[in-house]
Amino acid sequence: MTDLALAAVLLVAGLGAALLIRWRYLGRRRGLGSPEERATYATLHTASLAAPALRGGLTADSASRAVPHLRALIGARTAGLTDAQGPLAWAGEPAWAETAQAVHDVLDSGRPQAAGDAFAAPLTVEGRVVGTLVVADDSPSAGLARTVTEVARWVSSQLELAEFDASRTALMEAELRALRAQISPHFIYNSLGAIASFVRTDPERARELLLEFADFTRYSFRQHGEFTTLAEELRSIERYLVLEKARFGDRLRVVTRVAPEVLNVTVPFLSVQPLVENAVRHGLEKKDGVGTITVVAEDAGAECLIWIEDDGVGAEPEVVRSVLSGHGDSSSVGLANVDERLRTVYGNDHGIVVETGPGLGTKVTMRVPKFAPGVD
């Protein structure tokens with residue numbers, strides 16, 4: 001879905017909300033408002049009842065839940081939704097026989113069509129005709145035709161948003177698979193090496209580390225859910241750092257400061273842990289002496305502010321910019337991946353911010369809205 005189309009849909013939604021607020025304000029002043037205001041409210045309310053089902057895409061289930069509201073919106077004897085193969089659902093008496101020709105003509109031409117008492121208008125997504133909104137009425141008129149056409153355009157906007165949501169979900173799943181493939185070999189090799197080093201000298205420590213490793217990998221490779229709570233992500237980070245401290249010993253210090261009120265904030269799955277791993281691999285592994293990883297999560301009003309800082313070797317800013325653009329060192333675990341997923345979910349102003357310089361350590365900051373549409 002184009003940015004322009006999305007902006008248009010959001011503008012319509014905003015206008016609808018403004019009209020609803022105005023109606024409520026006037027209703028308090030003059031009873032229930034004028035007939036025009038009551039009609040406006042009724043129209044917006046009916047559309048809002050159909051919208052959630054349509055955001056599920058054009059399926060038999062979503063059509064059966066949406067079409068009664070669409071029929072009420074249009075005011076026809078019967079109304080139905082079809083996909084490109086045939087009818088999905090009806091409200092009122094099913095009228096496939098009398099509407100079939102109009103539907104066929106719409107699917108063939110991509111334009112609204114009338115046939116007898118029936119009228120059909122195309123449902124389009126990204127310029128493709130994916131189905132029709134069809135009505136049959138005892139008294140068809142030009143006004144009814146215009147109403148059906150406009151309602152079909154609104155339905156199309158909802159279906160475009162549904163496809164946008166589906167595309168976003170598919171993209172995030174692909175990026176998660178890529179992130180797991182990128183992280184796992186390096187971490188598994190180092191963790192098993194650290195555990196093996198304790199098998200003879202400290203079997204109990206080896207057993208504890210093996211349990212931590214099992215819990216960490218179980219979380220990292222789970223197969224459900226694009227989102228998790230910050231608390232769950234931090235638990236995974238804690239297990240990861242326990243395993244890394246087994247490898248680094250006293251060379252690794254960890255400082256954690258987390259505001260309790262942000263623990264239940266929803267974050268994209270594996271969005272913080274890769275930043276911690278990146279700090280260890282690229283900040284501290286090459287540093288002589290003791291290194292410190294600092295993990296902070298703060299309450300920032302409508303957002304949760306999270307930052308990961310290390311006092312390691314740092315990097316050239318140009319190198320980091322190259323990594324974030326997808327053209328840098330592929331061993332930089334997850335920076336570009338996390339940045340892209342945050343932008344996909346929350347918008348381009350919510351990518352990660354990296355502050356670094358040679359010998360100055362690195363600080364990576366991310367802002368996560370406490371509440372965002374489509375995030376649960």
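The model is predicted, so local features require pLDDT of at least 70 and side-chain atom pairs count only at pLDDT 80 or more, whereas totals for chains, interfaces and linings use all residues. Residues are numbered from 1 along each chain as its sequence is written, and side-chain values use heavy atoms, with hydrogens and water left out. Helices (H or I, at least four residues) and strands (E, at least two) are DSSP runs numbered from the N terminus, and two strands pair if DSSP finds at least two bridges between them.

**The antiparallel sheet**

- Five strands form an open sheet in the order E2-E1-E5-E4-E3, and the pairing is antiparallel.
- Strands E2 (87-91) and E3 (113-115) are at the edges with a single partner strand each, so one side of each has no neighbour in the sheet.
- Neighbouring strands of this sheet are turned by 20 degrees against each other on average, direction ignored.
- Strand E1 (residues 78-83) is joined to strand E5 (residues 128-136) by six bridges, and the two run antiparallel.
- Helix H3 (residues 60-74) lies across E1, E2 and E5 and runs at about 40 degrees to E2; axes here are lines fitted to C-alpha atoms, for helices over the stretch in contact, and angles run from 0 to 180 degrees between N-to-C directions.
- Helix H4 (residues 96-109) lies across E1, E2, E3, strand E4 (118-125) and E5, at about 150 degrees to E5.

**The mixed sheet**

- A further open sheet of five strands has the order E7-E9-E10-E12-E11, with mixed pairing.
- Its edge strands are E7 and E11, each of which pairs on one side only.
- The twist averages 10 degrees from one strand to the next.
- Strand E7 (residues 252-258) and E9 run parallel and are joined by seven bridges; arginine 257 stands opposite valine 296 in E9.
- E9 pairs with strand E10 (residues 303-310) in the antiparallel sense over eight bridges.
- Within that pairing, isoleucine 293 stands opposite aspartate 310 in E10, and the bridge partner of alanine 297 in E10 is isoleucine 306.
- The hairpin of E9 and E10 has two residues between the strands, and glycine 301 takes a positive phi near 70 degrees there.
- Strand E9 (residues 291-300) is mostly covered, with seven of its 10 residues buried; buried means under 20% relative accessible area, exposed over 50% and partly exposed in between (1.4 Å probe, protein chains only).
- Strand E11 (residues 353-356) and strand E12 (residues 362-369) run antiparallel and are joined by four bridges, and threonine 356 stands opposite threonine 362 in E12.
- In the hairpin of E11 and E12, with five residues between the strands, glycine 359 takes a positive phi near 80 degrees.

**Helix packing**

- The axes of helix H6 (residues 203-220) and helix H7 (residues 230-248) come within 9 Å and cross at roughly 140 degrees.
- H6 and H7 are therefore oblique to each other; angles under 35 degrees count as roughly parallel, over 145 as roughly antiparallel, 65 to 115 as roughly perpendicular and the rest as oblique.
- The crossing of H6 and H7 is left-handed, meaning that the near helix is turned anticlockwise from the far one by less than a right angle, whereas clockwise would be right-handed.
- Residues of H6 including Leu209, Phe213 and Phe216 meet residues of H7 including Tyr240, Leu243 and Ala246.
- The residues of the contact of H6 with H7 divide into eight nonpolar, two polar and six charged; Ala, Val, Leu, Ile, Met, Phe, Trp, Tyr, Cys and Pro count as nonpolar, Asp, Glu, Lys and Arg as charged, and the others, Gly among them, as polar.
- H7 and helix H8 (residues 273-284) pack at an angle of about 20 degrees, with their axes 9 Å apart, and are therefore roughly parallel to each other.
- The crossing of H7 and H8 is right-handed.
- The residues of the contact of H7 with H8 divide into eight nonpolar, two polar and four charged.

**Helix H8 and valine 276**

- H8 lies across E7, E9, E10 and E12, running at about 150 degrees to E9.
- Valine 276 has its place in helix H8 and is buried, with a relative accessible area of 0%.
- Leaving aside neighbours within four places in sequence, valine 276 is in contact (heavy atoms within 4.5 Å) with Ile237, Tyr240, Leu241, Ile293, Val295 and Ile308.
- The C-alpha atoms of valine 276 and glutamate 309, 33 residues apart along the chain, are separated by 8.4 Å.
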